[in-house]
Amino acid sequence: MARHILLCSWTGYVSVFLFLSAIMNSVSAVTHYSVPEEMDEGSVVANLATDLGLDVKSLSKRKMRVDVVGNKKYLDIKKDTGELFILERIDREFLCPLKTTSYCVLKLDATIENPIRMFNIEVEILDINDNAPHFRRGTMHLDISESSPIGERFSLNNAADPDVGTNSVKNYHLSSSEHFSIEIQTGRDGTKFADLILKKALDREQQAVHNLILTAVDGGVPTRTGTASIIVRVLDVNDNAPSFDKDKYVVDVMENSPIGSLVIKLNATDLDEGSNSDVVYSYSLYTSERTQNMFNLNPENGEIRVKEMINYEDLKFYEMEVIASDKGSNSLSGQCKLTIQVTDMNDNHPEISIKSFQSPVKENTPTDTVIAVISVSDKDSGDNGVVDLHIPHHMPFKLRESSDNYYQLVVSQPLDREKVPEYDITFTVTDRGSPPLSDNETMTLELLDVNDNVPQFPQSFYTIRVMENNAPGALLSSLTAFDPDLHENQYLVYFILEKEIANTSMSMLFSINPENGNLYALKTFDYEIEKEFLFHIEARDSGSPPLSSNVTVHIIIVDQNDNAPVIVSPWRAHGSVVEEKIPRSTDKGSLVAKVIALDTDSVHNSRITYQFLQVTDATLFSLDQYNGEIRTMRMFSYRDPRHQRLVVVAKDNGDPALSATVTIKLSTVETAVKAYSDMTEVPLEYDIFSDLNLYLVIGLGSVSFLLLITILVTIVLKCQKPKPSKAAPPSRNSVISERNSTVADSTLVSNDAYWYSLFLAETRKGKLVVRQPVPKGSRYIVSSIPRGTGLTETSDSAASTLQASTTSSSSST
């Protein structure tokens with residue numbers, strides 16, 4: 001097996017050798033072609049079969065092919081035509097990147113079989129101007145000191161162009177600049193480059209950066225260019241001193257500004273840069289120490305801030321000088337002046353000073369009288385120092401400006417201590433600042449009393465009701481007056497103005513406490529005698545001169561039920577029984593008798609009602625409870641007793657009620673006796689007078705005559721007396737009749753039902769009564785009944801006479 005393998009290997013080597021020998025023998029001379037780069041794919045370079053003398057028809061059989069030596073296969077042959085064509089676009093700069101030579105050749109081997117032949121083909125790739133010049137860096141930065149001399153040269157980066165020959169860079173152009181130009185240089189390999197030349201001195205403060213455009217141009221047709229930016233940064237030299245915006249600053253600062261608040265930020269600029277432009281601020285020697293203590297200067301940023309509290313009233317402005325220095329090796333400096341004006345702030349309250357104040361003053365002080373003098377002030381300035389003084393409205397005072405910031409307080413309206421005893425006057429001073437500040441001071445003005453008010457009673461008329469039978473010394477009322485004045489002008493003394501009534505002084509009837517106005521009764525009053533009193537009480541103060549006023553007092557005596565009814569009809573002797581005779585044939589409803597009782601009390605207590613206390617036959621007689629009439633309820637029968645006993649009680653309306661009784665004994669007779677008639681007027685019927693009755697009639701006539709003479713004399717005396725004063729009330733005094741009269745006066749009797757005129761006369765056989773109606777509303781007189789006429793015990797009460805109109809009677813009730 002090993003021998004077989006060795007034999008095969010040797011046979012192979014021999015075959016290769018023979019093949020290589022055949023190839024070597026079949027290579028002919030080199031064929032050269034030239035084509036430009038960037039030809040389109042499929043472009044024909046040459047007809048290789050024709051150039052090599054080959055039969056076109058046998059090319060496919062003989063398997064002709066083209067191989068590129070050491071490169072990509074950019075070219076190929078068409079077997080049917082023998083043409084060499086571009087298989088892939090050829091880029092000369094990619095194929096031959098080195099520019100050591102402008103010759104770029106693409107070598108090919110063309111092979112054909114049967115017999116094998118090999119041809120060497122060279123295709124030269126010609127350059128076309130398909131690349132523009134370009135700089136390795138699109139931007140070039142140059143730092144040039146502003147102190148560089150004119151003509152100084154600065155190297156620039158050259159532009160590269162992949163093309164060769166005339167298509168490479170041939171020239172450079174610089175954009176327009178008054179400070180720079182270029183100069184073209186050629187290297188040993190023919191490369192073109194440019195140098196930047198300074199043709200005018202630089203000034204960084206005028207132009208710190210110069211922007212230039214460098215353009216590279218090749219020699220192709222058409223030409224192609226490439227550009228690069230040149231940024232020239234001018235390096236600074238400390239050739240500029242710091243400077244302020246202004247040589248002099250004026251700034252306002254508010255007083256009382258908080259410590260640390262910014263006043264101003266100074267800004268000094270240095271056209272240089274770097275340390276040459278770093279500025280440091282400081283006060284110059286011309287700045288006062290007080291100013292430096294008041295304001296703090298920051299050396300780094302130039303801020304001036306408040307260091308201590310500023311007061312406008314201490315100093316109104318500050319001046320300082322500030323120096324700004326740079327940090328260059330040769331430091332330069334600038335300076336400015338600063339004036340700080342303090343703006344007044346409304347921080348001082350106005351002040352009030354009371355120069356004089358008069359208190360107390362009399363309440364009758366005339367208007368326009370000066371009470372006080374006030375001065376006002378304010379330490380601020382401008383409107384902050386302008387002040388106005390005010391007092392509350394609705395006060396009887398006003399302010400009058402007398403001079404600069406001086407005011408007078410004067411009375412503008414009449415004063416009245418009784419209305420306002422004192423005034424708290426608040427003086428308010430306000431400045432005109434924004435916001436305004438104010439201050440106030442309150443003074444109390446007291447008013448002294450003047451006796452300018454008369455005593456005043458709560459009422460102008462007092463009506464006091466006093467129950468009769470009062471105890472002497474009893475308090476009737478307290479008549480207290482009021483005087484709004486003070487002290488002795490307020491102390492009141494009370495008097496009863498003297499006045500006589502029926503020869504009796506008021507001071508004998510009443511008494512008043514001079515200190516408190518308590519009114520007392522000095523006697524016991526009897527309504528049946530005295531019904532009212534009218535007098536005046538005066539209240540007088542203790543001022544100088546004293547003032548007084550008076551009030552009318554009306555004392556009304558109120559009736560008590562202290563008088564029992566008195567039976568005046570039918571008349572009877574004391575303790576006797578009234579006997580009456582009536583015909584037995586008297587009709588039903590006939591008036592048998594009439595009981596009349598009188599009560600000297602007032603209307604309420606004198607209202608009398610009648611009723612049977614005892615009656616023999618209640619079915620025979622009726623009694624009218626209001627007028628006392630006894631009438632028959634039926635006719636007498638033979639069964640009725642001959643004698644009828646009637647006990648009638650007359651009771652008043654008082655509390656407790658008082659009463660009187662009368663006993664009437666009725667006897668029936670067969671003969672016709674004239675009974676009481678209901679006629680309006682009944683003539684007197686006279687029986688045969690007995691001797692005793694004759695004497696009674698004579699006595700009664702004599703007494704009546706004497707009474708008439710007495711009345712006439714009394715009337716004459718009354719007419720001669722002086723008229724009573726107007727202030728005195730109309731007299732209601734009783735007129736007391738003679739108690740010893742044996743014959744009663746003509747009498748008008750009042751009750752709720754009827755008014756009657758009674759005439760009583762004693763005949764030999766007894767009493768006769770004539771009844772006459774009297775119109776209601778007539779004035780009436782009640783006269784007492786004689787003691788000796790046989791009245792009951794109740795008739796012994798004090799007799800009185802009432803004389804008044806019906807309306808008067810109603811009002812006293």
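This is a predicted model: local features need pLDDT of at least 70, side-chain atom pairs count only at pLDDT 80 or more; totals for chains, interfaces and linings use all residues.
Which residue of S41 does Ile496 stand opposite? Ile496 stands opposite Ile537.

## Overall composition

The protein has 813 residues, and 39% of them count as buried. Its secondary structure comes to eight helices and 54 strands. The accessible surface amounts to about 44800 Å², with 53% of that area belonging to carbon and sulfur atoms.

Among contacts in the protein with a separation of 6 or more, 68% are between residues 24 or more positions apart.

## The four-stranded sheet

The pair Ile496 and Ile537 brings together S36 and S41. Strand S41 covers residues 532-541, and its pairing with S36 is antiparallel, over five bridges. Both strands belong to an open sheet of four strands, ordered S34-S42-S41-S36, in which the pairing is mixed. At the edges are strand S34 (461-467) and strand S36 (492-496), each of which pairs on one side only. From one strand to the next, the twist averages 30 degrees.

## The three-stranded sheet

Another open sheet has three strands in the order S19-S23-S22, and here the pairing is antiparallel. Strand S19 (262-265) and strand S22 (295-297) are the edge strands; each has a single partner strand, so one side of each has no neighbour in the sheet. The twist in this sheet averages 20 degrees from one strand to the next.

Three bridges link S19 to strand S23 (residues 303-306), in the antiparallel sense. At the level of residues, Lys265 has Glu303 in S23 as its bridge partner.

Strand S18 spans residues 248-254, and its side chains alternate between two faces. On one face, Tyr249, Val251 and Val253 are buried.

S18 runs parallel to strand S25 (residues 333-343), and seven bridges join the two. Cys336 is buried, with a relative accessible area of 1%.

## The largest nonpolar core

How many residues make up the largest nonpolar core? The core has 29 residues, and those with the most contacts inside it are Leu48, Met64, Leu75, Leu106, Leu108 and Val123. At least two residues come from each of strand S1 (31-36), strand S2 (44-47), helix H2 (48-52), strand S3 (65-68), strand S4 (75-77), strand S5 (83-86), strand S6 (105-112) and strand S7 (117-126).

Apart from neighbours within four places in sequence, Leu75 is in contact with Val45, Leu84, Phe85, Ile86, Leu87, Ile90, Leu106, Leu108 and Val123.

## The disulfide

A search of the whole structure finds one disulfide. Cys96 and Cys104 form this link, with their sulfur atoms 1.8 Å apart. The angle about the S-S bond is 70 degrees, and the link is right-handed.

## Cis peptide bonds and positive phi

A cis peptide bond joins Ser359 and Pro360, with omega about 5 degrees. Pro360 is in the loop between strand S26 (351-357) and strand S27 (361-362). The peptide bond from Ser434 to Pro435 is also cis, and its omega is near 0 degrees. Pro435 is in the loop between strand S32 (422-431) and strand S33 (438-448).

Two residues other than glycine, Asn114 and Asp368, have positive phi. Phi of Asn114 is near 55 degrees; the residue lies in the loop between S6 and S7 and, at 57% relative accessibility, counts as exposed. Asp368 has phi of about 75 degrees and is in the loop between S27 and strand S28 (370-377). With a relative accessible area of 44%, Asp368 is partly exposed.

Conventions:
Residues are numbered from 1 along each chain as its sequence is written. Side-chain values use heavy atoms; hydrogens and water are left out. Two strands pair if DSSP finds at least two bridges between them. Axes are lines fitted to C-alpha atoms, for helices over the stretch in contact, and angles run from 0 to 180 degrees between N-to-C directions. Buried means under 20% relative accessible area, exposed over 50%, partly exposed in between (1.4 Å probe, protein chains only). A nonpolar core is a set of buried Ala, Val, Leu, Ile, Met, Phe, Trp, Tyr and Cys residues joined through side-chain atoms within 4.5 Å. Contact means heavy atoms within 4.5 Å. A disulfide is a pair of cysteine sulfur atoms within 2.5 Å. Accessible areas come from the Shrake-Rupley method with a 1.4 Å probe; for residues, only the protein chains shown count as cover.
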